Amino acid sequence: MTSLHNRVIKSTTIIGGSSAVNVLFRILQAKAAALLIGPAGVGLMGIYNSILALASLAAGMGLETSGVRQIAESVGSGDDERVSRSIRAFRRLAFGLGLLGALIFLALAQPISHLTFGDDAHAPAIAFLSLALFCTVLATAQTTLIRGVRRIGDLAKTSIFGIALGTLLGLPLLYFFGLQGVAPYLILSAALILLVSWWYARRIPLAPITLTWRQTWQESKELLSLGFAFMASGLVTLAIAYLVRVMVLRQLGLEAAGFYEAASALSNVYIGFILGAMGADYFPHLSSLSKDDPESNRLMNAQVEVGLLAAAPGILLVLALGPFLIELLYSREFVTAFEILRWQALGTFLRIFSWPLAYLMLARGKKTLYFWNELLTNLLYLGALTGLVNLVGLPGIGLAFFLMYVFYTLAVTLIARKLSGFGWSRQNLAQTALLAPPVLLAFGLTYLLPPLWMAAAGILLALLTGMYALRSLYRLFGPEVFQAYLNRIRARLGWKTS
């Protein structure tokens, strides 16, 4: 059990370190965008991003997931020629799909604009985004290769340098062109991420082989077969995200769409490094244990336990300081977004439980089960969202998000029990009993106390919870692990290590 926890905390630390840098640049992006283009501009950027994400997933045919699984299995076989065949075929397939997707997206620019905004005014900008689509598909393919071979350090560097270049070189477009600069900004960012991901992916050693187009097709068929199911499931989630933005835009206006973007971005900041670690190392590891139920169950429980201890203090701080953080990271105009954020914080707490278990379906190749679970969950989310926005307005967006994760957590727990005989460990049950009450208390206090009093109470809860979490992690991993990480930090700072 300790070795599993050590692996989880190691990958979380590496990805978490890169996420901390990413958060810094995303804060700069968010603040600059809020000041330069306001809530309406942030809302427009979110809608464009939602369209681009949906189109990129469709064009990529689920290769981001099927590629990781196939490449990880090839690496696990120890056959260098098989690894080389898989990677070369994957690259060829990704390039073809990216080009085809960009051309189709270009042709559909006018219908997409009309469907989203109710007119054709945004069609030229959407057509321009076909370039971003092509770059995004290829960049995703490169990072998938890095994930598949478990080069976690390179993955972290790719993430850091990609967003750093996008921030430094892209924001002037918003300064000079305002709303008209949103589409060029997204294109430049995608191109820079592609450049950085290619630089690190090219360092993956490959055995020299000759791969015919017939062999490419043979390798690609399995990728497409598995990837299509994952794509269909992902499309459900992204389509719902797109419809949510369209519904907010149509019912509450472009500024409300900006509030939604601000709340969603902030709710993901404190959880991003944990979920990033799951995607970077946890999924390939779980895939390699697909025939070992007891070990899979121990790994899932270990991931949840580390996630709970790492996330709870951050969730408490977001609840305590939410209005101040929103004003700091965006502007005073965005403070209304806290009506959404407080409910999203509760939903995020449940994501720690549900995400590791949901990955089990992917690791076991249960394509149909995964698809229907995602479809049902998202349809329930959309239905709850529609009713709650009409009933209570803006807070209904966050409440629907929380209710979705209540259902999703219950569903994936039952599915995991069926697939691997999964059961929650006593340690996780005890951690939940200790960590859930402070989160619920902090949530309730956001309605009962003025912001300053809430900040004081929430910070106290976060400090107490953080001390408990650090103590628990220390006991879990032992002094040797902590000393090793301290020595690594000191070495990077040029200090003497003990």
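What share of the 498 residues in the protein chain is buried? Buried residues make up 56% of them. Keep in mind that this is a predicted model.

**The chain overall**

The protein chain has 16 helices and 0 strands. Take the contacts between residues at least 6 apart in sequence: 83% of these join residues at least 24 apart. The chain exposes about 21,700 Å². Carbon and sulfur atoms supply 67% of that area.

**Salt bridges**

Side chains of opposite charge can pair when their charged atoms come close. This structure holds 5 salt bridges.

| Asp 293 | Arg 364 | 2.8 Å |

Start with Arg 364 and Asp 293, whose closest N and O atoms are 2.8 Å apart. Arg 364 sits in the loop between α12 (338–363) and α13 (367–392), while Asp 293 belongs to helix α11 (residues 293–329), so their pairing ties together parts that are 71 residues apart in sequence. Arg 364 counts as buried, because its relative accessibility is 17% and the limit for buried is under 20%. Asp 293, at 30%, counts as partly exposed.

Glu 339 is partly exposed, with a relative accessible area of 29%. Arg 342 is buried, at 5%.

Arg 332 is exposed, with a relative accessible area of 63%.

Rolling a probe the size of a water molecule over the atoms shows where empty space is left. The second largest pocket holds about 330 Å³ of space. The lining has 17 residues, and Leu 54, Ala 55, Ala 58, Ala 59 and Phe 105 lie nearest the pocket's centre. What kinds of residue form this lining, nonpolar, polar or charged? There are 16 nonpolar residues, 1 polar and no charged.

**One leucine**

Leu 441 is found in helix α15 (residues 426–448). Leu 441 is partly exposed, with a relative accessible area of 44%. Leu 316 is 125 residues from Leu 441 in sequence, yet their C-alpha atoms are 9.5 Å apart in space.

Key
Residues numbered from 1 in each chain as written. Predicted model: local features only at pLDDT ≥ 70, side-chain atom pairs only at ≥ 80, totals over all residues. Heavy atoms only, no water. Helix = DSSP H or I, 4+ residues; strand = E, 2+ residues; numbered from the N terminus. Buried < 20%, exposed > 50% of the residue type's maximum accessible area, 1.4 Å probe, protein only. Contact = heavy atoms within 4.5 Å. Areas by Shrake-Rupley, 256 points an atom, 1.4 Å probe, with all protein chains shown as cover. 1 Å grid on protein atoms, 1.4 Å probe; cavity = no way out; pocket = protein on both sides within 12 Å on 5 of 7 lines; lining within 4 Å. Points joined across faces, edges and corners; volume = space filled by probe spheres on them. Nonpolar A, V, L, I, M, F, W, Y, C, P; charged D, E, K, R; others polar. Salt bridge = Lys/Arg side-chain N within 4 Å of Asp/Glu carboxyl O.
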